[in-house]
Every structure is written in C-alpha cells, then in structure tokens.
Amino acid sequence: MNERLHSVLAQRGIPPESLAEVCEVDPKTVSRWLGGRVPHARHRFRVARHLRVEELFLWPAPERTALQQAAGSDQELVTTYQNRASVPRDTWLSLLKGAQEQISVLVFSGTFFAQSNPHVAKMLAERASDGVRVRLCFGDSSGQAAAIRGREEGIGDTLAAKIRASLTYYRPLLSEAGCEVRLHDTTLYTSMFRYDNNLLANPHVWGQPASANPILHLRRADTTGWFDNYAQSFEAVWATARPWTPDQEGPSSHGQD
C-alpha cells in the first residue's frame with residue numbers, strides 16, 4: 001500500500017475519484033496506485049503537480065547499492081561550511097534570486113534568514129510573482145517540539161519567542177499568490193533551504209543551536225541520493241504542518257532574538 005499517497009490525499013481532502021479525473025484514468029487505476037502499483041511517468045508527474053508534492057516523495061526510487069550511494073553523494077556535495085555564519089551572504093542572495101521553480105525553507109525560528117536580509121519578504125514575494133512556488137515552514141511556538149528543543153539548548157521559552165518574532169517578518173507574504181507559510185510540530189533534525197536543485201542542509205547537534213552546526217551545499221544529481229532524501233523529508237513535514245494564522249499566535253517583538 002502507498003501510505004504516502006493515502007496520507008497526502010487525506011491531508012488535502014481530495015477523493016481518489018477526483019485524482020482519476022485529473023489524470024484522465026479510471027478510478028480503479030487510482031485504487032491500484034493506492035495499493036502500491038507505480039503509475040506511468042506522465043501520471044506520476046500529474047499526480048505530484050496536482051497534490052503539490054515532490055514525485056519522489058510519493059514514489060521513492062528503488063534502493064541502490066552502498067557503492068552507488070557513495071558515488072552519488074560525491075557528485076551532489078558542492079561544498080561544506082563550518083557553520084551557518086560561514087556561508088557568504090552573496091550565496092544566499094544568488095540562490096534566492098536564481099530560483100525558477102521553488103523556494104522551500106524548513107526551520108524552527110529562522111531568525112537569521114530575515115535579520116541578515118531585511119528585504120527577504122519582498123524578495124520572496126517578487127520571486128512568487130515570477131512563478132516560483134514559495135513554501136516557508138516554521139516551528140509551532142506553542143508546540144511540544146519547540147518546547148523540547150528550547151530545554152535541550154538550555155534557553156527555555158526563548159525559542160518560542162524567537163519563532164513568534166521571526167514570523168512577523170513574513171506576514172506580508174500571506175496575501176501573496178504562490179506563497180505559503182506553515183507551522184510544524186516535529187522533531188527537527190536538519191534545517192533546510194531549498195532553491196530548485198540546490199539545497200543548503202544544516203544538520204543539528206543535540207543541545208546546540210542550528211547556527212553553530214555545519215552546512216552542506218547539495219546539488220541534485222541524476223541519481224537518488226542525499227538531496228532527494230532531504231527533499232522527501234521536507235515534503236513529509238510540510239504535509240503535516242498547519243497553515244499559519246497570525247491571529248492565533250501570541251504577542252511578539254522584533255527585539256527578541
């Protein structure tokens with residue numbers, strides 16, 4: 001059974017019959033997909049586009065040998081940075097400006113993302129107006145994951161306050177077509193910043209802030225590897241995250257950091 005396809009359809013409130021109409025196939029065909037059969041490439045593309053998820057999330061590529069995985073990883077790794085501050089500002093800007101299809105961000109607070117670039121919301125809105133799909137996924141300040149992470153880092157409720165403060169920068173995006181902001185309540189092992197086929201992955205070491213940990217600059221290769229594994233994990237979190245409704249959030253202040 002394709003649990004991921006089942007889950008996304010349920011999350012979106014889309015009945016299988018509707019998916020059959022979109023793909024111009026018999027409803028029985030969709031039932032077979034739900035049962036585990038892999039659709040033809042053209043149908044996989046239509047389904048992924050209609051459900052707004054990565055095709056590889058719904059139908060992961062077959063497992064490869066360890067040797068193939070190692071070779072693919074070498075091809076994907078562009079460079080590494082000792083910590084987040086080591087990534088040149090020009091790199092962040094060029095990736096954002098160069099994206100043509102999607103910009104996807106997964107963080108807890110992502111405070112630096114706005115504070116290092118005061119015009120980030122405007123730039124994201126401009127990219128969206130050019131047809132780029134913008135998805136920003138922050139931690140839920142009232143959730144268990146943020147509370148646990150705050151305790152692990154020894155900062156208590158400060159992380160929740162940082163999340164609320166960071167979100168205020170992105171309020172203008174809520175009215176922009178092509179922009180979505182959601183809140184997740186999941187254990188965050190890696191912060192991610194995806195720009196089409198480039199991805200900056202920021203793994204987390206227990207008890208340390210994300211900013212103190214390395215960043216891997218990955219570029220998607222022809223074979224499934226690190227990039228697609230991270231991309232699939234983003235889609236999994238995004239599918240369970242709830243839309244951000246500012247009126248339900250607590251008070252915040254730009255001065256909190």
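Which residue's side chain does arginine 44 meet in a salt bridge? The partner is glutamate 55, with an N to O distance of 3.0 Å. Welcome to a short tour of a predicted model, in which local features need pLDDT of at least 70 and side-chain atom pairs count only at pLDDT 80 or more, while totals for chains, interfaces and linings use all residues. Residues are numbered from 1 along each chain as its sequence is written, and side-chain values use heavy atoms, with hydrogens and water left out.

**Salt bridges**

- A salt bridge here is a side-chain nitrogen of Lys or Arg within 4 Å of a carboxyl oxygen of Asp or Glu, and this rule gives a count of 10 salt bridges.
- One of them is the pair of arginine 44 and glutamate 55. Arginine 44 sits in helix H4 (residues 41-51) and glutamate 55 in helix H5 (residues 55-58), so the pair ties together parts that are 11 residues apart in sequence.
- Helices (H or I, at least four residues) and strands (E, at least two) are DSSP runs, numbered from the N terminus.
- Another salt bridge joins arginine 135 to glutamate 235, with the closest N and O atoms 2.8 Å apart. Strand S3 (residues 133-139) holds arginine 135 and helix H12 (residues 226-240) holds glutamate 235, so this pair ties together parts that are 100 residues apart in sequence.
- Arginine 182 and glutamate 180 also form a salt bridge, their closest N and O atoms being 3.3 Å apart. Both residues belong to a network of salt bridges that links Arg52, Arg133, Glu180 and Arg182.

**Buried or partly exposed**

- Buried means under 20% relative accessible area, exposed over 50%, and partly exposed in between (1.4 Å probe, protein chains only).
- Glutamate 55 is partly exposed, at 27% relative accessible area.
- Arginine 135 is buried, at 1% relative accessibility, and glutamate 235 is buried at 1% too.
- Arginine 182 and glutamate 180 are both buried.

**The sheet**

- Eight strands make an open sheet with mixed pairing, in the order S1-S7-S6-S5-S2-S3-S4-S8. Two strands pair if DSSP finds at least two bridges between them.
- At the edges are strand S1 (77-81) and strand S8 (242-243), each pairing on one side only.
- Four bridges join S1 to strand S7 (residues 215-219) in the antiparallel sense, and threonine 80 stands opposite leucine 216 in S7.
- As background, strands of a sheet pair through backbone hydrogen bonds, either parallel or antiparallel.
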